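Visitor: Please show me the model, and then I will ask about it.

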Amino acid sequence: MTERHEHVNYLNANYGIRSWLLTTDHKRIAILYLVSITLFFFIGGAMAVLFRLELLTPQSDLVTLDTYNKLFTMHGIMMVFFFLIPSIPAVLGNFLVPMMIGAKDLAFPKINLLSWYIFIAGGALTLYAVIAGGVDTGWTFYTPLSTGFLNTHVITAAVGIFISGFSSILTGLNFIVTIHRMRAPGLTWFRMPLFVWAHYATSIIQILGTPVIAITLLLVGAERLFHVGVFDPNLGGDPVLFQHMFWFYSHPAVYIMILPGMGVISEIVPCFSRKRIFGYSFIAFSSIAIAVFGFLVWGHHMFTAGMSVYAAMVFSILSFLVAIPSAVKVFNWTATMYKGSISYRTPMLYAFGFIGLFTIGGLTGLFLASLGVDVHVHDTYFIIAHFHYIMVGGMVMAYLGGIHFWWPKITGRMYPEGWAKLSALIIFVGFNLTFFPQFILGYMGMPRRYGAYAPEFQVLNVMSTAGASILGIGYLLPMIYLTWSMRYGQRAGDNPFGATGLEWQTASPPPTHNFEHPPIVHSEAYDYEHVEEMPVVG
Amino acid sequence: MSEHVVPIKTYVIIFLALLLGTGVTVWASFADLDFQLSGHTFPGSVIVALVIACTKATLVILFFMHVKYSSRLTWAVVIAGFFWLILLLALTMNDYAFRGLLTYPSQ
Amino acid sequence: MSDNAHTSPAVATHPALQHHFDDMEQQREASSLGMWVFLMTEVMFFGGLFLGYLVYRTSYPGAFAAGSMTLNVTLGAINTAVLIGSSFTMAMAVWSAQMGKRGLLMMFLVLTMVLGTAFLGIKAVEYHEKWETHHVPGKYFQFHEKVPGTDVPADPRNAQIFFFLYFGMTGMHALHMIIGMGIMTYLLITAYQGKYGPDYHTPVENGGLYWHFVDIVWIFLFPLLYLIAHRGGH
């Protein structure tokens, strides 16, 4: 396989570690993020392996209960703040948003690089907290447990998360300005790919929500250091105030995680149905609606915390409303597939997985929005199953689908289709075996965050752990074959899937400045009627 | 799009207005401005102070920060930011203000 | 929307034009929008503190009034005037840049910094007085005042929360002022180097936006912290 016929692209334009660590090219920064978040994903996953092993037996026999607390805490922190929140925006968003709008780069390339360094700094500090002995408050840092009672590394972890929050803010800021100010001639808002709309909506949440958790974490640190009653009732503070401030961000945060995933699905489904997307403007507006409504529902995490019942009812009805725009998207994707010419390539398999599993996760969210149900299943495994269906069944599948879909564009190589399909299947089976039993466990009353549990829960826990091991294999396989494909994969052309979108009009991998000639847009986004049949490749 | 240059006179007027607002705010805190309305006592000084503060902020935003002469997008960003702050405050106080309004049915 | 086909050679070769922008107009609009979006994150950041203030003031009105009474209104009011003045001089600095008057620009930047320093100096005096009277939250906190208008001693635990918010909010504000002084220094140096003119002064504008924002935060902090209690002595 000769290498010398390669055109100059962003990967081979410069060599050497300095050209990567000091790059301002959004595509290289996306790769830097890709490597970093993969590392954090596997660290968080390792925590999960350990506590799922512990949960094979009802007693606490593998690790002590204190260690168990640390394991699930660090799993949550790593996965939420250092994998899920950056994932699609920092990797696929960074790489694709400028290309999809026909720009040469993001509006602020140096700030983009800075955001990665900030992310690494925050992650390193949090990792230090792990190595130095861990945190055991749960990723939610509830007070006064986190501020007055424990001697674990709360402040270190809180500062690490605080720092990484700036990375999120800067990424969102960059996207908003880029999308407003750098679109190619002819690219009106309603001709943009829905992936861009999704990232715009996500960026709004990042901008308006992240600062609130920033100040909240600072206040937790201050209370721990100065023993002032910000949140500690013994000192005159209100622990429910902490929960209000924490969830004001952390609920919209879950929409930061899922909206980009929905954007990915909106790109994959039309391509592999060879059909324009159904209800473009509905999907676009629903992204914005999710971003806005997502800020109005945070109280549903606090139904049992001692909040005013009236306020709980208000949050409950708002939580029902926020499901509507998500449902709109699911209907539209399905309608897109209707009478389409479906191709069961790997990205489409992930899209199918997403749509089914996200729907289950979302519907169980509606159960939880009902006060009556939530009072019973709050803090049980039902909640854990609910959010893992959305985050893992939804988000991670969308992420993997997106990685596969755009892999040829990013690396110039095709992934091996057979292995990729197999992995997708293994992931789907492993995922359901891991998390479906947890719905039942929660409904039966098994509490979350318990290292030792009642013996009647053991069978389902064993099933769940078995599923987790299958899921683990499913995640390892893409690591291996995608890495393999970078050197030995079949070379990809500019547009191996016959997709619409400006990013497919340039070379794979793209040149550093993205386009040889700045594109001008004449048509709407998913013009599959006028694209030829999907080429049969790899 | 050429940039709008604000006349110096406008800046001076706004500056004086801001100083005047500060003076009135301090005066109000020394005066007895409480008033009764349908059985409740309202702290007049606080209301005056907050109204003036909001007015001052608006003047700074419109004139010193040039928002009056800026694009609709800038207006949208500013309004969205302050609206979100109101959301945070209002929905949280919705909890605190109504504790005890309703209770869960007891056994 | 960018207009990328009609740049004149003179504009396209402006030394400050960055490679990924089509023209100075697009760059200026992008920078300005970026600064505004950043300021909205600051609104939400301070907003969290304002929420804490709102919740605890409504919960502990007496202790908060008592704590507020111990703050120096005169110094607070002077500081408000000082900051408003600095916003005025900053606006004039931007005006000078728009008119291409380098000397005036530098003068107004210096004036802004002088007023900013005065603000920080007065704040230091106030903090020192609070330290002397044991009103700094923590191990040495003591509070023996009565709730204004009554004979009831204020709850020192709740008063400590007031002072925590006082130091937290004014301290966070002061930190932003210090960063602002750093920004002013950078602007002064680059203005001296002749980098700004009528066709390019975006950093001055954006620095101004930041400075005005910090002023607005203080505009709210002053009445909320200093003027809670009736000071008419009735």
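Visitor: What percentage of the residues in chain A is buried?
Guide: This is a predicted model, with local features needing pLDDT of at least 70, side-chain atom pairs counting only at pLDDT 80 or more, and totals for chains, interfaces and linings using all residues. Residues are numbered from 1 along each chain as its sequence is written, and chains are lettered from A and ligands numbered from 1 in the order in which they are written. A residue is buried if 20 or more other C-beta atoms, placed from the backbone, lie within 10 Å of its own. Of the 538 residues in chain A, the buried share is 58%.

Visitor: Which element gives the most to the side of chain A that touches chain C?
Guide: Contact requires C-beta atoms, placed from the backbone, within 7 Å; 34 residues of chain A meet 29 residues of chain C in this way. Helices are DSSP runs of H or I with at least four residues, numbered from the N terminus. Two or more residues each come from α7 (154–181), α8 (194–226) and α9 (239–273) of chain A. With 9 residues, the top contributor is α8(A).

Visitor: How are α4(A) and α14(A) oriented to each other?
Guide: Axes are lines fitted to C-alpha atoms over the stretch in contact, with angles from 0 to 180 degrees between N-to-C directions. The axes of α4 (residues 87–100) and α14 (residues 381–411) of chain A come within 11 Å and cross at roughly 25 degrees. Angles under 35 degrees count as roughly parallel. The orientation of α4(A) and α14(A) is therefore roughly parallel.

Key. Angles under 35 degrees count as roughly parallel, over 145 as roughly antiparallel, 65 to 115 as roughly perpendicular and the rest as oblique. Two residues are in contact if their C-beta atoms, placed from the backbone, lie within 7 Å. A residue is buried if 20 or more other C-beta atoms lie within 10 Å of its own, exposed if 12 or fewer, and partly exposed in between; C-beta atoms are placed from the backbone.
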